[in-house]
Amino acid sequence: MRHPLPVVAVLVCGALALAGCGAKPRPTSAESLPTVTVRQHTVERHERTATEDVVGTVRARLRAVIEAKISGKIDRMIVVPGRKVRRGELLASIEAREIQARLDQALAVRRQAESDLKRSDSLREQNILAPSDYDAAQSKFRVADAAVREAETLMGYTRVDAPFDGVITRKLADVGDLAAPGKPLLELEDSRTLRLEADVPEAVVGTLRLGDRLPVHLSTMATELQGVVSEIAPAADPGSRTFLVKLDLPDTPSLRAGQFGRVSVPVGPTSALRVPVSAVVVRGQMELVFVVSDGKARLRIVKTGKRIGDEIELVSGVEAGESLVVDNAAGLVDGQPLTVR
């Protein structure tokens with residue numbers, strides 16, 4: 001005879017209940033954790049000079065916008081961006097037929113004036129020429145000679161030469177374009193001498209002096225550079241209320257003009273809790289430390305601040321005098337037993 005389904009269910013539940021009555025309770029997770037040997041560090045407050053990071057741009061200390069001194073059509077453009085040039089090297093030349101014609105005319109006039117002066121000198125030796133006529137011949141020659149020098153100077157302006165050693169960074173005109181005074185042709189920079197230019201807020205610019213050495217951090221370099229304050233603008237920009245500050249940078253092979261950087265400007269003294277970087281554990285978006293309390297690791301969520309060498313500041317989460325785990329912290333869990341070395 002078959003038992004009804006409800007009777008079977010009741011018997012099964014009863015058997016499970018009897019089995020459960022004799023079972024021992026499972027240990028908690030903290031009780032099952034192994035003891036870990038760690039090293040601890042006492043949280044202490046340290047004094048330091050507070051700084052404010054100001055963004056800036058690396059630029060060449062010596063740079064120039066090359067323009068023509070006369071008007072004319074460009075007939076040769078020798079250089080291209082990226083090319084290194086030497087001082088006095090030809091960069092471009094300008095066609096100036098009018099100036100050449102003016103020079104030829106001035107040379108012809110000077111030759112004639114020179115011939116007349118020689119004839120006047122011969123007549124004066126023979127006491128045939130009046131002194132006033134001889135003086136007039138001399139003046140005529142001096143005027144003709146000055147006209148030649150003027151035309152030769154203008155002919156020299158048809159050459160656009162490099163004013164210093166550097167690298168061509170931009171080309172703003174090409175062959176066939178009209179060159180004129182005030183119209184840029186090229187941009188030249190001396191890449192051997194670079195500096196950081198930063199707009200410093202008026203609230204902190206008063207702490208800077210010429211010759212101050214400030215740390216400069218560049219996004220492409222792991223190590224910081226020491227910049228020397230070489231210029232401080234005497235007046236603020238009326239729009240941003242900032243002062244342009246320029247810092248000379250040391251000669252560094254990987255440094256390039258146009259790079260982004262930050263300079264740490266001192267603000268004033270401050271104090272903060274500081275611990276070794278190894279004490280802070282990052283899990284996802286959280287920053288954690290483990291406080292040593294009664295021989296166990298107690299998890300704390302903290303907020304970090306500025307990193308200084310191998311140490312980092314803790315803004316919140318711990319108090320001065322507490323002990324933190326500084327090694328093997330990444331593998332710990334809350335409540336794990338500890339043995340302190």
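**The largest pocket**

Author: Sorted by class, the lining of the largest pocket has six charged, four polar and four nonpolar residues. Here Asp, Glu, Lys and Arg count as charged, Ala, Val, Leu, Ile, Met, Phe, Trp, Tyr, Cys and Pro as nonpolar, and the others, Gly among them, as polar. Bear in mind that this is a predicted model, where local features need pLDDT of at least 70 and side-chain atom pairs 80 or more, while totals for chains, interfaces and linings use all residues. Residues are numbered from 1 along each chain as its sequence is written, and side-chain values use heavy atoms, with hydrogens and water left out.

In total, 14 residues line this pocket, and His217, Glu224, Ser264, Lys306 and Arg307 lie nearest its centre. (A pocket is an open set of points on a 1 Å grid over the protein atoms alone where a 1.4 Å probe fits, with protein on both sides within 12 Å along at least five of seven lines; lining residues have an atom within 4 Å of a point.) At least two lining residues come from each of strands S3 (44-60), S13 (213-218), S16 (260-276) and S19 (296-308), strands being DSSP E runs of at least two residues, numbered from the N terminus. The pocket's volume is about 360 Å³, meaning the space filled by probe spheres set on grid points joined across faces, edges and corners.

For comparison, the second largest pocket holds about 270 Å³. Its lining also has 14 residues, with Ser191, Arg192, Leu194, Leu255 and Arg256 closest to the centre. By class, that lining has seven nonpolar, three polar and four charged residues.

Note on methods. Helices (H or I, at least four residues) and strands (E, at least two) are DSSP runs, numbered from the N terminus.
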